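Me: Could you walk me through how to read this model? I would like the general idea of each feature and then the case at hand.

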Amino acid sequence: MAKYVLKRLLWMIPISLGVAVLVFTLMTFCPGDPAEIILGSTATEENLEAMREQLGLNDPFLMRLGDYLNDTFLHFDLGESWTTGVSIADSIVECLPRTMTLTIITLLIAIVIGIPLGVIAAVYQNRWPDKVSMVLALLGVSVPNFWLALLLVILFSVNLGWLPAMGIGGIEYYILPAMAGAANGIATLARQSRSSMLDVIRSDYITTARAKGVPEIQVILKHALKNGLIPIITVIGTQFGKQLGGTMVIETIFAIPGMGQLIITAVNSRDYPVVQSGSIFLAIVFSLCMLAVDLLYAAVDPRIKAQYSKGKVRRKAVAANG
Amino acid sequence: MAEAIAATKTTKIKKQSEFVRVFKELAKNKTAMLGLIILIIEVILAILAPVIAPYDYTAMDIVAAQQGPTMAHWFGTDELGRDIFSRVLYGARYSISMGVLAVIISTTIGMTIGSIAGYFGGWVDNLIMRLLDIIQSLPAMLLSIVLSAVLGPGYFNTILALSVNGMPASARMLRAQMMKVRGNEYIEAAQSINCSKFRIIVRHMIPNSFSPNIVQATMAIAHMIVMAASLSFIGLGVQPPTPEWGAMLTGARQFIRQCPHMVIFPGLAIAVTVLAVNLMGDGLRDALDPKLKH
Amino acid sequence: MSEQSKNTTAPFLEVKDLAVEYYSGGKVIHAVNGVNLTLEKGKTLGLVGETGAGKTTIAKSILRILPDVGAKVANGQISLDGQNLLSLPEHEMRKIRGNKISMIFQDPMTALNPVQTVGDQIAEAVRLHNGGNKRQAEERAEEMLKMVGISADRYYEYPHQFSGGMKQRVVIAIALACNPDLLLADEPTTALDVTIQAQVLDLIAELRQKYNTAMLLITHDMGVVATTCDDVAVIYAGNIIEYGTKEQIFDHPTHPYTIGLFAAIPSMSEDEEWLHPIEGLPPDPAALPEGCAFHPRCPYATEECKKQPIAMQITKDGHQCRCCCMEQIAKGE
């Protein structure tokens, strides 16, 4: 098991390098002259040329890529923002925790509400609790989170004045963004939980449990849910990626200075080093979370744990965008 | 040769009857039909927008700016006095076509890649999968943001940025299905009558593998519509004054205190469209795979 | 009727006029249509019939574990030791399940919870019914494992680490952990290799003897019936069509269907060129034929058979048969 975790951690190195190469390569195709972005449109040609030389933009692509990887991965030097001159590492250290807090709160809300909703729907299949929760879930997966965020602001901030519409501070600042982000996750998890619970409830071992005289509530919570969780965990994993992305958009609405704000502002001002490093960091965080999800499988399913211990890494078709 | 023709014929007949079965199954599903009807109406409205729209979507009327819904302006007017109803109608052209085109491109490329990986296996498969790993280790929204930055804003660039996003998922799904199918005896049978590799992939493996992809593609349309709107909303996709729904929301955001209707209607249009696509997708999933039906 | 049964000593298990319906896609499926049977303590009754004849449904009705959605006991009584099971409240019934009555399932591969250790799965039943602390339940579970021939140190292993035969042993251990009075064995050997089948049957027989457990054995294997059962009920389309002791059924099969079943077993002594299946297919339980459900496949069918259901005929020695042409058939032989 420890060997498996180590293997997965080591595997993250080539993945992060891959992401870095991918993002760096994409960024070189970005429109615009970096020197002009830094110095502004009023700069003279000599100044621009000097700046290009200083940034190493006149070097061949592979050399620049090599330099970048060397700085980032061997010296942990992420450089400075082109537009503000602030150290990128400092910005990330400041912004990443906010984004992660919001993402994790959102995901937790989705899990805590979504899974029970799906389980209840499955238990009361085709009766009113099922129908009500599935209609809600369908609405939840269909409402764009940024629109829901705006609606929540209209209702709770503008009309009722209960919660702040933007900024950071105490827990009350996180409530609206988390609600807006979680709606989709709640709905997706509820739908997945319902369908996987329905599959499980029909299995023979559930009949075995009932035939043993296990009370129904225990049949559902102890026997069915633990088995039903396996496909649900997959969805939690993919949800994490979605929530991370969703949080980035929602941050811009609530003016939360997180990674989303950082990267989107950087994209709009063509501050490419910030976009580059920000993306790589988010990719690493995302990979770590996917590893956590894989370990969760092992905790729930002894068959998968046995596979890990044997060293047979089961590759799942993680449809992160599905 | 005669055998080959016979084989083609039988697959055609089989495919057709399968198509008819799925459609009949779908037609029985009331919610799926509701979704389909909403979508058809939306597409008709989008196509006929110039005929139906009560106002020119660019026509400004400063006197009538920021009005709430009235008989003259069903969805009210925006800060420049443009009719929101007309703009939402035209917006359907952008949002729906962006979702559909992005999915068509991503599924086509994804399935091609997936079938190559699934058929050849070995190092080809390994290389492709590791590349997809890298793409997928960026959260979808982040990748879209980076790609939009590279490609620049605009209708086609946004579609392209979104397509790259959906590609790994459909590649993986088709590959997984093909791995399953590859072990089947009819593939061996096809090899034994000297079918070419290309023919085996196109005529035998893909037809037997792609039904989960159809469901996924339908659901992906819903997802892409939201992503396209999100990108436009944060200022990266389609730019104002184009009446794309997400872009309309960007403009409306500043007036959220005074004119909530400017925010409500374009968003409602997105939600209804996405809901309709999801209803269709659910129905299609049940029709294609009765095992999954509950 | 009811007065009579009160006066005489009631049988240990009595199923009366049991009818079960399933509802699926707007159709009513008549899975069980008025089944009567009795079983004494320590005895074995074999339920024989084709797949889909309603055998499992009868067993599940006794234990009241039919699916909640879409299944309903439409009529009938099931009593155990004079206690009507169908009218018991759920919490009372729970005390009976796995305790007084337990069930062995057809497919051991899917009957065990894949994420719970086999030991815990046995101990769970013990704790639910015998009370006691965790340790006592675990001890009993270990004891049961040993009794079914599995080493106790495999307590903490998971079902995927066991072979099919071993899993069925675990299922048996769960079923017998609380010394049930009645065991419902639903094709306990069908999913197993032939070599394992005999072992499992021997194991069940041995354990039953120890505790004087009655058994309702569901099977379609006449060989298993011959070695295990005291009485036999032949089920067709949700109804018992012939019922008697093993000797009566094996030596004097009377119903054309039973005769067909025996004729379908290839003889080892004669050099047979063809198998002799019963012509036709079992009827669709959603649309049972009028009259005798077997008439479309019956070589002796008369006009009368198509009109109304055939009543159960009882011979002097208690052999029951639901056929109106018994005499003809007997002569024909």
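**Reading the model step by step**

Reply: Let's start with the fold of chain A: among its contacts between residues at least 6 apart in sequence, 72% join residues at least 24 apart. Two residues are in contact if their C-beta atoms, placed from the backbone, lie within 7 Å. Please keep in mind that this is a predicted model, where local features need pLDDT of at least 70, side-chain atom pairs count only at pLDDT 80 or more, and totals for chains, interfaces and linings use all residues. Residues are numbered from 1 along each chain as its sequence is written, while chains are lettered from A and ligands numbered from 1 in the order in which they are written.

Me: How many helices and strands does chain A have?

Reply: Helices (H or I, at least four residues) and strands (E, at least two) are DSSP runs, numbered from the N terminus. Chain A has 13 helices and zero strands. Its C-alpha trace spans about 85 × 60 × 30 Å along the principal axes.

Me: What share of chain A counts as buried?

Reply: A residue is buried if 20 or more other C-beta atoms lie within 10 Å of its own, exposed if 12 or fewer, and partly exposed in between, with C-beta atoms placed from the backbone. In chain A, 48% of the 322 residues count as buried. Helix α11(A), residues 259-268, is mostly covered, with seven of its ten residues buried. Among them are A:Met259, A:Leu262 and A:Ile264.

Me: How many residues do chain A and chain C each bring to their contact?

Reply: Chain A gives 21 residues and chain C gives 25. On the chain A side, the elements giving two or more residues are α9 (204-212), α10 and α13 (302-310). The largest share, eight residues, comes from α9(A). By class, this side has seven nonpolar (Ala, Val, Leu, Ile, Met, Phe, Trp, Tyr, Cys and Pro), eight polar (the others, Gly among them) and six charged (Asp, Glu, Lys and Arg) residues.

Me: Why does B:Gly154 count as partly exposed?

Reply: B:Gly154 counts as partly exposed because it has 16 C-beta neighbours inside 10 Å. B:Gly154 lies in the loop between α6 and α7 (155-182) of chain B.
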